[in-house]
Amino acid sequence: MSTINDIIQSEDYGQFEIKEIYQAAQLLLQEFQKTKQEPEKLGDLITHLKKRLEGQAAYPLPVMLECSQLGIRHQLQQDWNSPMKQRQLFLFESLYFQFRGRVPAPVWNQICLNYAETLIYVGRAIEGLQVAEAMIEAANDPSFAKKDGEKGWGLLFYSTFLQDTVEKAEALHAARDFLRRSHEAIGSENGRALYADRLKLAENMLEKLGPVDVTSGYKPNFFEGREKEYRDWCAEHRLLLNNANEFDPGGMMKLDTLSYRHKGDDKNHGEFLSGYMDALVSEFTSLRWTLFEALEQDAKEPNRSERLKSVFRQAFSLFDKIASFLNHYYKLEVPEQRVGMQRIWFQEEHPKKPLKPFIQDSKNAALKALYWQAKEVFGYERSEQQSIPMLRTLGLRYQMERSFVQVIDSPEEVAKEGELRKHQMTRLELERLAMSMAFRARNSLMYLGFALRLEKK
């Protein structure tokens, strides 16, 4: 049996078992986290593992080691938007989309757990909750035992965006219950200690909030028939513009409650922003209804695919309209033709320039969550690579707006060669993209609403 020192001092890692090298890299990561001094051979071990495991089901494991390495490096920086953080998010995003349904449940659950944790820490608690929910039940899997705990951790962070006392209390109660269940299910001592600390934090936050009668938040629903089906579907897929959709999708009043009412001396500016927000909400609810109706249609109906394409395009257009709202709200004075969600954050609206003060110096966690979500949609400007799903999505958007996209159902319809193949997508891909872009647009509107309330506070 090789010792850790044998592996670290060796110039030929190929003579050792993969499991031994993996354990050595884990120990060096722990040393790095403790001392804040990066061990010399850590990167070499991770690179070797990636090469040895390329094309295998265990390949995500060394990539997650690399993500941990990047996370520690990021902690040593003064820049919250460091290249290490962008690279880490890119790697997790790629793992999540590339390996879903392609690796054993324990490996998949590790991907979800680590990705959810990273999303939550950058403020994207909504997406962190979604990723944690994607974990798959597997007996004797230590990662799956943390699923409820991670959902509780996400709700704890989410509660910090909420201004309404009853909503905040409801979210924290749900967070505490999830954390308690996970703490009881976790077998390892270190895991139990971590979630015990998080459980204590949730209890302290509830205590600080003081007594709150959560029963006063009873929300009756009066919807019937098709409208009820639609509202239930919205809640199930987290598509309601309602704070409670993240922690009480079943018992909430299934209404869209997002709005903005300006408080200040400049009434004309306030009326403009209020009307702008109402228009954003109206546009989103319109595309959401189109999505609901299209997905109910028979796949053979000719206009079904065109309706889904319109949802996809409209969701994309909302990102730029949100950027335009930010331009007016923060009085950035960017010409309208230069406004875009991927550019609004940077000096001279150029991704290679520094961030503008309104985001660089901001303490507004929801505004930063909106920024980080823009990276997922339009790319990480400080990362050396971009994810294939993101590039594919942007390419399809361009084709739908400037050219055409043919929707196909079977392998026989795939073009053998030429330009046509670039303009093809499957019906399942179209459905998935329409749903995912609607969800992202919804989340952007939610983060925008939270950011505005935090600015007021």
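I took buried to mean under 20% relative accessible area. I applied this to a predicted model.

**Entry 1: Glu 376 and Arg 124.** I looked up Glu 376 and found a relative accessible area of 7%, so Glu 376 is buried. Its salt bridge partner is Arg 124, with the closest N and O atoms 3.2 Å apart. Glu 376 belongs to helix H15 (residues 365-378) and Arg 124 to the loop between helix H6 (105-121) and helix H7 (125-133), so the pair ties together parts 252 residues apart in sequence. Arg 124 counts as buried at 1% relative accessibility. I then noted a network of salt bridges that links Arg 124, Glu 127, Glu 376 and Arg 440.

**Entry 2: Arg 288 and Asp 256.** I found a salt bridge here with the closest N and O atoms 2.7 Å apart. The pair links distant parts of the chain, Arg 288 being in helix H12 (residues 267-296) and Asp 256 in the loop between helix H11 (225-236) and H12. Arg 288 is buried at 2% relative accessibility, whereas Asp 256 is partly exposed at 23%.

**Entry 3: helix H4.** I recorded a salt bridge between Arg 73 and Glu 38, with the closest N and O atoms 2.9 Å apart. Arg 73 lies in helix H4 and Glu 38 in the loop between helix H2 (18-35) and helix H3 (42-53), so the pair ties together parts 35 residues apart in sequence. Arg 73 is partly exposed at 31% relative accessibility, and Glu 38 is partly exposed at 33%. I also checked Glu 66, found in helix H4 (residues 60-75), and noted that Glu 66 is buried at 12%.

Terms used: Residues numbered from 1 in each chain as written. Predicted model: local features only at pLDDT ≥ 70, side-chain atom pairs only at ≥ 80, totals over all residues. Heavy atoms only, no water. Helix = DSSP H or I, 4+ residues; strand = E, 2+ residues; numbered from the N terminus. Buried < 20%, exposed > 50% of the residue type's maximum accessible area, 1.4 Å probe, protein only. Salt bridge = Lys/Arg side-chain N within 4 Å of Asp/Glu carboxyl O.
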